[in-house]
Amino acid sequence: MSSSIQKIINAATKWRDASQSARQRAINETVEAPNRWTEQALDHAVDRWMESLTLEAVDRWIGDAGASWHGTVGVLHGEAGPLSGFRDALVVWALGLDYVGRVPESSPALLPAFAEAVRAEGVEGSIRFDSTDTVCEEADLLIAEEGEEGEGTVQEACNQHDIPESQRLIRSPVYSVGVVDGHESEDEMGRLAEDMLLFEGEGRRRLALLWAPRDHSPDAYLEAMARFRGLFPAHEDTPGTLQMQQAFLEARDQPHAYAEGLEFLVSRGDPTPQRAGHIRWTEYDDFGEVDDWLSDHSDEVYVVVARPHLHDQLPDDWSVRTPGGVHVPPLDDEEGRAIVQFLQAGAITD
């Protein structure tokens, strides 16, 4: 285990204190930024990330990995969540490489504030933030996420700055899919609600679609979503963003349900992900039907979310996750391992 990993853990340990001044300032600044994230949701997300950074978990993920090169890694952090690309930065810092990042207007403060805490612990490698152009100009390797609204724009920036494909790791937009069988506990339904509604239904891995047995009532899941909203109230702009979608469903006489204040929206229909905060409820007759759909949409789906006792009944080739973890994934999932492998290799060309 590198000394940099221990220093990152030290910074995370200090940030587990919700009253820590730098953390609180960063959350306050993020709430004021152009986004629809609430203070409660941001606090929860920061808590989850910091709690995940244990010596055991980070050592299992990165361990004694070292980079076969030294240079600058550029990271263009996405807008889908307040700490999008957090693991990218962690690996760069842990390997002692130089880091230059671009944070979006929607989340201008959280990552820079935590980076300052890591820098104060004395990690090797420089850490700084700059514009997209500067990041692309200075990066030997580039990591980024394409946004849903501007797919292809990151690749275009790489082409403009002559970054070879072997020296870029670009992730496409994805979402998660839930599979329920009607035997979920109250706690499991509450965690499904978190996956669907935290960050107002935004987030790169958001749970956007629920497959349920045909004719199974959604009432218990709607109640769980309402309870979640009691703990994590909706952003003041959320009802307005859902109003047009609700009116459209009403005009089409399409079955749907929503909270009294329109803090969330659920519609029954074909398995097509809707806009943030609007969950699609799709019925299945057997898991084979879901399997066929997943085969056709594998590039779009991050994971399938299902209660633990359902995992053994699902096809072995599905990437399955327990409810409550899509926004803060395991450090060493497939995406996490890919970051380490990409940065270890370096792929620098003459």
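Analyst: Leu-55 sits in helix 4, residues 55-61. Helices (H or I, at least four residues) and strands (E, at least two) are DSSP runs, numbered from the N terminus. The model is predicted: local features need pLDDT of at least 70, side-chain atom pairs count only at pLDDT 80 or more, and totals for chains, interfaces and linings use all residues. Residues are numbered from 1 along each chain as its sequence is written, and side-chain values use heavy atoms, with hydrogens and water left out.

Leu-55 has a relative accessible area of 36%, so Leu-55 counts as partly exposed. The scale is this: buried is under 20% relative accessible area, exposed is over 50%, and partly exposed is in between (1.4 Å probe, protein chains only). From Leu-55 to Gly-178, the C-alpha separation is 31 Å; the two are 123 residues apart along the chain.

Five strands make an open sheet, ordered 3-2-1-4-5, with parallel pairing. Strands pair if DSSP finds at least two bridges between them. Strand 3 (127-129) and strand 5 (168-171) are at the edges; each has a single partner strand, so one side of each lacks a neighbour in the sheet. From one strand to the next, the twist averages 15°. Angles run from 0 to 180 degrees between N-to-C directions, and axes are lines fitted to C-alpha atoms, for helices over the stretch in contact.

Inside this sheet, five bridges join strand 1 (residues 72-76) to strand 2 (residues 98-102) in the parallel sense. Val-75 has Gly-101 of strand 2 as its bridge partner. Helix 6 (residues 110-120) packs on the sheet; it touches strand 2 and strand 3, and its direction makes about 160° with that of strand 3. Contact here means heavy atoms within 4.5 Å. Helix 8 (residues 153-160) lies across strand 1, strand 4 (141-145) and strand 5, at about 165° to strand 5.

The whole structure holds 11 aromatic pairs. Rings of Phe, Tyr and Trp (its six-membered ring) pair if their centres lie within 6.5 Å; planes under 30 degrees apart are stacked, over 60 edge-to-face, and the rest tilted. Trp-93 and Phe-114 have ring centres 6.4 Å apart and planes at 35°, so this pair is tilted. Trp-93 is in helix 5 and Phe-114 in helix 6, so the pair ties together parts 21 residues apart in sequence. Both Trp-93 and Phe-114 are buried.

Arg-87 is buried, at 4% relative accessible area.

Seven strands form an open sheet, in the order 8-9-10-7-6-11-12, with mixed pairing. Strand 8 (256-258) and strand 12 (320-321) are the edge strands, each pairing on one side only. Strand 6 and strand 7 are parallel, paired over four bridges. Here Ser-176 has Leu-207 of strand 7 as its bridge partner. Strand 6 also pairs with strand 11 in the parallel sense, over three bridges. Val-177 stands opposite Val-304 in strand 11. Strand 11 runs parallel to strand 12, joined by two bridges. Five of the five residues of strand 11 are buried.

Helix 9 (residues 186-197) lies across strand 7, strand 10 and strand 11, at about 140° to strand 7. Helix 12 (residues 287-296) has Phe-287, Val-290, Trp-293 and Leu-294 as its buried residues. Down the axis of helix 12, these fall within an arc of 120°, so they line one face. The arc is that of the directions from the helix axis to the C-beta atoms. Asp-292 and Asp-296 are exposed on the other side of helix 12. The buried residues of helix 12 pack against strand 6 (175-179), strand 7 (207-213), strand 10 (278-284), strand 11 (301-305) and helix 13 (308-311). Asp-286 caps the N-terminal end of helix 12, with a side-chain oxygen 2.9 Å from the backbone nitrogen of Gly-288.

How values were computed: A polar contact is a pair of N or O atoms within 3.5 Å; within protein, one must be able to donate a hydrogen and the other to accept it, and residues adjacent in sequence count only if both atoms are side-chain atoms.
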